[in-house]
Amino acid sequence: MKIIMDWKKHPERSKGLYKSEDGKLEILDKEYEFPGGYPFVMDGKIRSPYYDNECNRPGATPQSVAQELDRDYGGSDYQIFGKELYESGQRNLMMPFVRGVFGYNVEDLTPEFEKAEDGPLKLWVHLDNDGRPTAAHSEYVIGCDISAGLGGSYTSNSVATIVNSVSKTQVGEFATNTMRPEDFADYVVSLCKFFHNAYLIWEYNGSPGGAFTKRVLDQQYSNIYYREVEHKSFKKKTKNPGWWSNERNKLAVLSTLAKAIKTEEFLIRSTDLLEECRQYVYKDGRVVHSRSVRTIDDSSKGQAHGDRVISAAIAWHAVKDRPSQPKEDYRADIPLGSMAWRFKEREEKLAKSNSDGWD
């Protein structure tokens with residue numbers, strides 16, 4: 001005999017049952033008193049405060065919620081980055097403060113940056129008098145997803161996502177599908193130098209990742225991420241550079257990124273990144289980018305792999321791997337009227353006027 005133990009039948013867990021349809025809230029438990037300003041989740045499902053708390057607890061993923069609460073064991077498709085995340089992410093999108101063409105001296109990778117209105121490097125950070133990103137109250141992380149760089153409709157992008165690990169904010173983005181892994185490695189190492197020797201993490205998998213890794217090591221750039229080996233009771237760093245993905249840890253880093261964007265712990269600025277988030281799904285036990293498997297339009301396949309998301313996810317993984325000064329401290333010790341204070345004021349004004357002109 002099969003006994004179904006549904007949480008909605010539990011006398012405590014079912015308190016405060018509610019649901020929504022077409023964006024309209026319906027309270028099912030008429031006797032329950034919700035606190036003022038309760039954050040109802042309007043996703044069309046039957047929910048309760050217990051259910052909401054379970055969805056928000058540390059380590060919860062859409063997959064675990066589907067299996068443990070919704071009793072959906074079929075591995076059906078679901079969005080890793082849902083509607084709530086998209087709404088949270090939209091609030092923090094901005095036009096870049098500056099765009100430009102980034103280059104370097106091939107002998108020593110000394111960085112060179114020239115402003116250009118349609119330049120491929122997008123920056124959401126102010127530049128100092130030397131033309132470099134501000135160093136005050138900043139520690140930078142660069143996360144990279146690497147492609148073969150062959151160009152054409154079937155080639156995905158190589159992407160570098162730059163994060164200020166103190167303010168927990170995206171401050172840069174570069175994407176290209178025409179740069180070979182070795183050249184992209186030189187570009188990124190120089191970009192790390194431009195960002196005051198940023199902490200570098202990249203996805204090692206595949207021949208592009210291997211070629212990128214070899215060039216980074218040949219260039220003797222040392223501020224890099226080393227993989228962890230996980231035991232039951234502890235994690236230990238290895239001597240293997242770069243982040244290696246599998247289905248389990250890819251879902252974990254994407255879910256961690258999703259929660260950080262949803263709660264606004266991590267502020268993303270790029271519209272392209274947010275749009276790519278919308279199309280990551282968990283399908284038949286695997287993480288896939290829906291457009292990369294569904295598109296029949298050759299012209300879109302190069303943009304259909306969600307590379308910005310992987311780049312941002314491992315950048316955020318590196319931020320958590322090497323914690324920086326809390327954001328509250330970063331805000332508190334800026335002297336009133338200083339240059340840093342004026343930069344902060346400008347960022348806040350831009351954030352309030354970000355409803356037009358995104359690119």
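A residue is called buried when its relative accessible area is under 20%, exposed when that area is over 50%, and partly exposed in between, as found with a 1.4 Å probe on protein chains only. Serine 165 is buried by this rule, because its relative accessible area is 2%.

This is a predicted model, in which local features need pLDDT of at least 70 and side-chain atom pairs count only at pLDDT 80 or more, while totals for chains, interfaces and linings use all residues. Residues are numbered from 1 along each chain as its sequence is written, and side-chain values use heavy atoms, with hydrogens and water left out.

## The chain as a whole

The chain contains 12 helices and 14 strands; helices (H or I, at least four residues) and strands (E, at least two) are DSSP runs numbered from the N terminus. Of its 359 residues, 47% are buried. A contact here means heavy atoms within 4.5 Å. Among contacts with a separation of 6 or more, 63% are between residues 24 or more positions apart.

## Nonpolar cores

A nonpolar core is a set of buried Ala, Val, Leu, Ile, Met, Phe, Trp, Tyr and Cys residues joined through side-chain atoms within 4.5 Å. The largest such core has 35 residues, and Phe81, Leu254, Leu257, Phe266 and Val309 have the most contacts inside it. Two or more residues each come from H3, strand E10 (199-202), H6, helix H7 (271-277), strand E13 (280-283) and helix H10 (307-321). The greatest share is that of H10, which gives nine residues. Leucine 257 touches Phe81, Phe266, Val309, Ala312, Ala313 and Trp316, when residues up to four places away in sequence are not counted. Another core lies apart from this one; it has 33 residues, including Phe102, Leu123, Ala160 and Met179.

## Packing of helices

Two packed helices are described by the angle between their axes and the distance between the axes. The axes are lines fitted to C-alpha atoms, for helices over the stretch in contact, and the angles run from 0 to 180 degrees between N-to-C directions.

| Helix pair | Angle between axes | Distance between axes |
|---|---|---|
| H3 (residues 83-90) and H6 (residues 247-262) | about 55 degrees | 8 Å |
| H6 and H10 | about 80 degrees | 9 Å |
| H4 (residues 181-194) and H5 (residues 206-218) | about 45 degrees | 8 Å |

Angles under 35 degrees count as roughly parallel, over 145 as roughly antiparallel, 65 to 115 as roughly perpendicular and the rest as oblique. H6 and H10 are therefore roughly perpendicular. From H6, the residues in this contact are Lys250, Val253, Leu254, Thr256, Leu257 and Ala260, and from H10 they are Val309, Ile310, Ala312, Ala313, Trp316 and His317. By class, the contact of H6 with H10 has nine nonpolar, two polar and one charged residues. In this classification Ala, Val, Leu, Ile, Met, Phe, Trp, Tyr, Cys and Pro are nonpolar, Asp, Glu, Lys and Arg are charged, and the others, Gly among them, are polar.

H4 and H5 are oblique to each other, and their crossing is right-handed. A crossing is left-handed if the near helix is turned anticlockwise from the far one by less than a right angle, and right-handed if clockwise. H4 contributes Pro181, Glu182, Phe184, Ala185, Asp186, Val188 and Val189, which meet Pro208, Ala211, Phe212, Arg215 and Val216 of H5. This contact has nine nonpolar, no polar and three charged residues.

The crossing of H3 and H6 is left-handed. Here Glu84, Leu85, Ser88 and Gly89 of H3 meet Ala258, Ile261 and Lys262 of H6. Three nonpolar, two polar and two charged residues take part in the contact of H3 with H6.

## Individual residues

Serine 165 belongs to the loop between strand E8 (158-164) and strand E9 (169-176). Apart from neighbours within four places in sequence, serine 165 is in contact with Glu139, Val141, Val319 and Ser324.

Serine 14 is placed in the segment before strand E1 (18-21). Serine 14 also counts as buried, at 15% relative accessibility. With neighbours within four places in sequence left aside, its contacts are Trp7, Lys8 and Asp29.

Valine 98 is part of strand E4 (residues 98-104) and is buried, with a relative accessible area of 11%. Beyond neighbours within four places in sequence, valine 98 is in contact with Phe113, Lys115, Leu121, Lys122, Leu123, Val125 and Leu127. Valine 98 and lysine 115 are 17 residues apart along the chain, and their C-alpha atoms are separated by 7.0 Å.
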